[in-house]
Amino acid sequence: MQDARAREMLVGIMMLAAGTIYLYLTTGVPRRGTIDAAFIPYVLAFAMVALGLAQTFVAWRRTATDVAVEQDVDDETPTQGKPNYATVVKTLLLFAGFTVLIRPLGFPVAAAIYLFLQFIVLTPADRKPNYLFYLVLAPVCAAVIFVSFRYGFDLILPAGPLTRYLP
């Protein structure tokens with residue numbers, strides 16, 4: 001019973017440590033204003049630290065009775081099954097392809113292709129992929145990300161052949 005509590009505390013402490021290290025590494029990113037290249041890394045670092053603190057605190061406050069009751073409930077629910085390693089491999093391959101395509105095609109096109117294919121990969125096996133919806137959603141998401149970073153955060157993402165059409 002205490003073993004589950006110790007594991008949860010360990011997860012919280014590890015998240016706190018990872019967040020603290022990430023926060024330290026983020027301090028090395030040059031600052032140019034309020035919203036710049038370091039803004040998102042700082043947000044992520046503080047979120048990791050906060051989640052690590054919350055997980056550690058919740059695990060520390062748990063009693064042996066809480067853990068025992070939760071284990072009894074877990075024993076009655078069916079398991080989720082084996083992890084789907086094929087999805088992980090497909091995702092890694094898609095990301096590798098995205099990395100290769102970003103230079104020649106630019107971020108908007110490469111990201112739209114990546115997102116479209118990733119949506120298909122992440123569609124649950126018991127549901128049919130909605131290709132038309134994915135075909136509309138992927139370029140919209142890629143465009144919003146591109147415009148946000150290029151004009152909102154003033155970070156230049158490669159535009160590829162679209163460069164000549166951008167202001």
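Which residues does UniProt list for "transmembrane region"? The unreviewed entry gives residues 6-25, 37-60, 92-119 and 131-153, in the numbering used here, and such annotations may be inferred rather than shown by experiment.

Before you select anything, note that this is a predicted model, in which local features need pLDDT of at least 70 and side-chain atom pairs count only at pLDDT 80 or more, while totals for chains, interfaces and linings use all residues. Residues are numbered from 1 along each chain as its sequence is written, and side-chain values use heavy atoms, with hydrogens and water left out.

Select residues 37-60, where the chain is 92% helix and 0% strand and the end C-alpha atoms lie 36 Å apart. Then select residues 92-119, which are 96% helix and 0% strand, with end C-alpha atoms 14 Å apart.

Now show the side chains of F98 and F107, whose ring centres are 6.0 Å apart with planes at 80°, so the pair is edge-to-face. Rings of Phe, Tyr and Trp (its six-membered ring) pair if their centres lie within 6.5 Å, and planes under 30 degrees apart count as stacked, over 60 as edge-to-face and the rest as tilted. F98 is buried at 12% relative accessibility, and F107 is buried at 11% (buried means under 20% relative accessible area, exposed over 50%, partly exposed in between, with a 1.4 Å probe and protein chains only).

Notes: Helices (H or I, at least four residues) and strands (E, at least two) are DSSP runs, numbered from the N terminus.
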